[in-house]
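Please keep the structure in view while reading.

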Amino acid sequence: MCGLDIFVERDQVVLIKPDRLDAWSRGHICAKGTTLGAMHHDPDRLRVPMIREGEDWREASWPEAFRRCSELLNPVIAEHGIEAVTAYLGNPLAHSFSLSRYAGMLIGMSGIPMVYSSGTIDQWPKNVSSHLMYGGMWKIPVPDIPRTDMLVVMGANPAVSKGSLLSCPDVMGEITAIRKRGGKVVVIDPRRTATAAKADEWLAITPGTDAAFLAAVCQVIFAENLVRLGAAAGFVNGLDELRDLLADWTPERVEAVTGIAADRIRTLARELAATERAVVYGRIGTCNQEFGTLASWLVDVVNIITGHMDVEGGLLFPKPSAWSFTELSMPGLEQGAPNFGRWKTRVRGAPEILGHVPVSCLAEEVATPGEGQIRALFTVAGNPVLSAPGGELLDQALPALDCMISVDNWMNETTRHAHVILPGLSALEQPHHDDLVWNFAVGSGANYSPAVFPPEGGRPEEWEILIRLACACQGQAADEVDVSVFDNALFDVMASIKGFDGAALRAQYEQQGRFSAGGPQRLLDLTLRTGPFGDRYGEVAGGLSLDVLLANPHGIDLGANVPRLAEVLTVPDGKIVLTPPHITADLPRLLARLDRPADDLVLVNRRQLRSNNSWMHNVPALMTGSNRCTLQVHPDDATRLGLVEGEPATVTSESGSLTVPVELDSGIRPGVVCLPHGWGHDRPGARTAVASAHPGVNSNILSPPGFVDVPSGNAAVNGIPVTVSPGASLR
């Protein structure tokens, strides 16, 4: 979402600078944003399809590659049915102009019964709580940081992530501004992160106990009669039930397990209740832990009962200018839960949650023989061998697949197992208008960027690739598909959702000579024009369209978020479900955690400023400096364990063991050690020269596949019990 000035000479990017006129980012940029040219020019980036024959790879033409896809898929489906086919959707998909708009075509048209995604390593608890509380899995309220006077940050590090499920230009500048105007910032995290270093206070919580901490905050608010619903009054159900559920969760009861003093919990509750503009923001550390759904739910509950829901400076629901497939998520739930546990996985028996199961189930579903065994896999912009718990098991299982097709621009640790790799265009070879991340923005706006470079002749766009693969699952020859037929059908469905005749609109585009080729540009124009600020094809004077954005190359600022709770809620009676049974049923499990003996050491994860999960480690400029893949250990723990800075340590969990250099860090809670994620680039056959020269270790080797947040199935990659001892020399 950050505006860029890209300077090109002779088809080479020579410089990328922030666009200081950009209506949204206003000249803000991060280190990763400057490297799109390096990614585009990366000699390891695939530009033609690759077909594997035995252990050897060869380049292929697009028609041959598509024919090979059909040859691989047809016998699998003929013998075992479409149930033997699945897909893994990775994080970069959300940031791709084509993939983000057409991934649903692969899922819906193909008949694949289910997919796996990076969502169940990340934010699925937030999807679950939002779905049950507000009526939609993507109805996620965001903190109004620019206008708040008290910000409590839990399990988030926006100094590194730049905001996650939160889009805010120069977020750290805004956090600094809170303090400058006399406000207060509190960070609750096992580590003294770069964000905590800029805060007024850091509370070093025990990993995995955020829900217990928040339950105690709620208990104080009820016990001291501090509840005020403010703007949400009249839109809340279950307040009395919530009071009863949390009546025994006193600060004294959770003090020992959370590591935060009862007096401080009580004082923080009072501060939140007394501050007119205050907000609690919880992110990935509150999601990918043992009690992620309870923590995600209670973050919103605290905001609601302190009067900070649907008000300036509190939580607000964004209004993106272009609507997207996220608006088509499932309707709200009542007592029955038709979108939870409709089926279970074949091997582990993991229940389905919002159409997904833990991504760690994929390895066992591929490796375990029997009816329903996965025999064909699509991966789309993902690297689950590194990113998924149990990735080592998946690495061992993938060679047994009868068919593996990857839509990816690199031969990485996962795609090296594919039979066919179909590369998409680089970010600079396609236009861009973000769809997903505006759903989490502190304001509304729109910004379209045309492609910097034209794609080489004959290269299909990613949306065309996905349609062809979906048709191949239906028995059509992938190389013979008329993609325009299916693209038109998608457009017509999308138009009908907003009350328009798609065929008539397509005829109008043909007459005007605009977007007649279809594809994501035409879809973007549709979703802009029928969005909340759109011109509705001439019905609203001065409304948005893609032509308007083309005339405003620095984007359009449509204003800060405004209260809109009533129009957002789609639960049956139009009121927030404050105590969803699917979530509150997990409170006894959290209660048992209070009496569980403390682990000697637990492992937590960390994001890094110059990493985006595993997929930007092949950029030379992002890999300079000292080794960033280190085990951070408190000096007191290092002394008692015999660890020395810079020397190796062996870290062991119930699922595996690895050796990694030690980094002493007094800004981490004793009893906690920390590894970054996204590393482990030491697999033979991967063709990423820069990443392979800086391999690091894969932290997911230590992630037990079955260690999940029960209500959501999200992986718990924070709070893993481990042992640490001096390791053999790495030299």
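Q: How many aromatic pairs does a search of the whole structure find?

A: The search finds 10 aromatic pairs. Rings of Phe, Tyr and Trp (its six-membered ring) pair if their centres lie within 6.5 Å; planes under 30 degrees apart count as stacked, over 60 as edge-to-face and the rest as tilted. This is a predicted model, in which local features need pLDDT of at least 70 and side-chain atom pairs count only at pLDDT 80 or more, while totals for chains, interfaces and linings use all residues. Residues are numbered from 1 along each chain as its sequence is written, and side-chain values use heavy atoms, with hydrogens and water left out.

Q: Why is the aromatic pair of Tyr134 and Phe317 called edge-to-face?

A: The ring centres of Tyr134 and Phe317 are 5.2 Å apart and the planes stand at 85°; the limits are 6.5 Å for a pair and over 60 degrees for edge-to-face, so the name applies.

Q: What makes this a link between distant parts of the chain?

A: Tyr134 is in helix H4 (residues 124-134), and Phe317 is in the loop between strand E13 (315-316) and strand E14 (340-344), 183 residues apart. Helices (H or I, at least four residues) and strands (E, at least two) are DSSP runs, numbered from the N terminus.

Q: Why is Tyr134 called buried?

A: Buried means under 20% relative accessible area, exposed over 50%, and partly exposed in between (1.4 Å probe, protein chains only). Tyr134 has a value of 0%, so Tyr134 is buried. Phe317, at 3%, is buried as well.

Q: How do you know that Phe491 and Tyr509 form an edge-to-face pair?

A: Their centres are 6.0 Å apart and their planes are at 70°, which meets both limits for such a pair. Phe491 lies in helix H17 (residues 483-497) and Tyr509 in helix H18 (residues 502-512), so the pair ties together parts 18 residues apart in sequence. Phe491 counts as buried at 0% relative accessibility, and Tyr509 is buried at 3%. Ring pairs also link Phe491, Phe500, Tyr509, Phe515 and Tyr537 into a cluster.

Q: Which residue lies over the face of Phe491?

A: Arg522 does, at 4.7 Å from the ring centre. A charge sits over a ring if NZ of Lys or CZ of Arg is within 6 Å of the ring centre and within 35 degrees of the ring normal. The charged end of Lys498 likewise sits over the ring of Trp323, 4.8 Å from its centre.

Q: Why is Ser653 called buried?

A: Its relative accessible area is 9%, and the limit is under 20%, so Ser653 is buried. Ser653 is placed in the loop between strand E24 (648-652) and strand E25 (657-664). Apart from its neighbours within four places in sequence, Ser653 is in contact (heavy atoms within 4.5 Å) with Ile701, Leu702, Ile720, Pro721 and Val722.

Q: How do you know that E24 and E25 pair?

A: The two strands run antiparallel and are joined by 5 bridges; two strands pair if DSSP finds at least two bridges between them, so E24 and E25 qualify. A hairpin joins E24 to E25 through 4 residues.
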